[in-house]
Amino acid sequence: MGEELKLFRTWSTPFALRIVWALKLKGLEYDTVYEDLANKSPQLLEYNPVHKKVPVLVHGGKPIAESLVILEYIDEMWKQNPLLPQDPYQRAAARFWAKFGDDKVLESIRKVLMNQGKVREEGVEEALENMKHLEGELEGKRFFGGEAIGFVDIAVGWLANIVSVMEEVIGVELITEQRFPLLWKWIHEFAAAPIINETWPPRDKLVARYQAIDQASMSKQA
């Protein structure tokens with residue numbers, strides 16, 4: 001298993017952070033290649049010719065694309081500190097919630113950030129409804145994976161950072177201790193875990209990035 005690991009990513013994408021966290025939880029060493037998506041490298045286009053985006057994990061010269069697919073590859077290849085449960089039903093449930101995070105939660109957050117007025121209000125309502133489901137899934141648990149960080153925690157881990165940045169930029173509160181006490185507690189515990197905390201992008205750069213997105217949405221509406 002000593003073949004070279006190389007991760008193609010950008011500084012800001014939460015999808016690549018999933019891979020960083022998984023590799024660190026597994027105790028694996030890897031090289032990082034930072035991409036400029038406005039000027040994609042020939043290597044990235046060679047390794048991911050279909051989607052032409054990050055993250056891409058290259059293991060022994062073989063590329064794996066799409067973050068949730070990469071997570072499963074890592075978990076199957078390196079058995080230490082398993083991300084997915086052993087029980088088939090629990091594994092299926094973990095995949096469901098990871099997909100829910102991308103298909104529902106993330107999309108509603110994007111709707112809030114990238115729109116104004118009535119559409120943004122609709123996005124807030126959708127996001128809050130989605131958070132209720134995550135709150136229910138945390139009932140009686142420290143992490144989505146139980147007592148340790150697992151597949152779902154990594155998949156929705158972006159919530160522990162991006163949501164607060166977005167709240168700061170647009171002035172809308174989504175996740176509060178009063179509204180979602182379990183999710184609020186999870187966010188703070190997950191974000192503070194050393195293996196997670198040391199990997200967050202610079203907050204000032206993220207705020208500037210999201211301010212630019214918000215300004216672009218305002219210009220679009222004007």
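In this predicted model, the lining of the largest cavity consists of seven nonpolar residues, two polar ones and no charged ones. The lining residues are S12, P14, L17, W158, N161, I162, W200, P201 and L206. Helix 1 (14-25) and helix 7 (159-170) each contribute at least two residues to this lining. At least three lining residues come from each of domain 1 (5-77) and domain 2 (88-221). The volume of the largest cavity is about 40 Å³, and one cavity of 30 Å³ or more was counted.

A pair of aromatic rings is described by the distance of the centres and the angle of the planes. The model contains nine aromatic pairs. One of them joins F96 and F100, whose ring centres are 6.5 Å apart and whose planes meet at 15°; the pair is therefore stacked. Both residues belong to helix 4 (residues 88-113), where they are four residues apart, about one turn of the helix. F96 is partly exposed, at 48% relative accessible area, whereas F100 is buried, at 11%.

F144 and W186 form an edge-to-face pair, with 5.2 Å between the centres and 70° between the planes. Because F144 lies in the loop between helix 5 (117-137) and helix 6 (151-155) and W186 lies in helix 8 (residues 181-192), this pair ties together parts 42 residues apart in sequence. F144 is buried, with a relative accessible area of 7%, and W186 is buried, with a value of 0%. Ring pairs also link F144 and W186 with W21, F190 and W200 into a cluster.

A contact of another kind involves K205, which lies over the face of W11 at 4.3 Å from the ring centre.

Notes:
Residues are numbered from 1 along each chain as its sequence is written. This is a predicted model: local features need pLDDT of at least 70, side-chain atom pairs count only at pLDDT 80 or more; totals for chains, interfaces and linings use all residues. Side-chain values use heavy atoms; hydrogens and water are left out. On a 1 Å grid over the protein atoms alone, a cavity is a set of points where a 1.4 Å probe fits but cannot get out, and a pocket is an open set with protein on both sides within 12 Å along at least five of seven lines; lining residues have an atom within 4 Å of a point. Grid points are joined across faces, edges and corners, and a volume is the space filled by probe spheres set on the points. Ala, Val, Leu, Ile, Met, Phe, Trp, Tyr, Cys and Pro count as nonpolar, Asp, Glu, Lys and Arg as charged, and the others, Gly among them, as polar. Domain bounds come from an automatic or database domain assignment. Rings of Phe, Tyr and Trp (its six-membered ring) pair if their centres lie within 6.5 Å; planes under 30 degrees apart count as stacked, over 60 as edge-to-face and the rest as tilted. Buried means under 20% relative accessible area, exposed over 50%, partly exposed in between (1.4 Å probe, protein chains only). A charge sits over a ring if NZ of Lys or CZ of Arg is within 6 Å of the ring centre and within 35 degrees of the ring normal.
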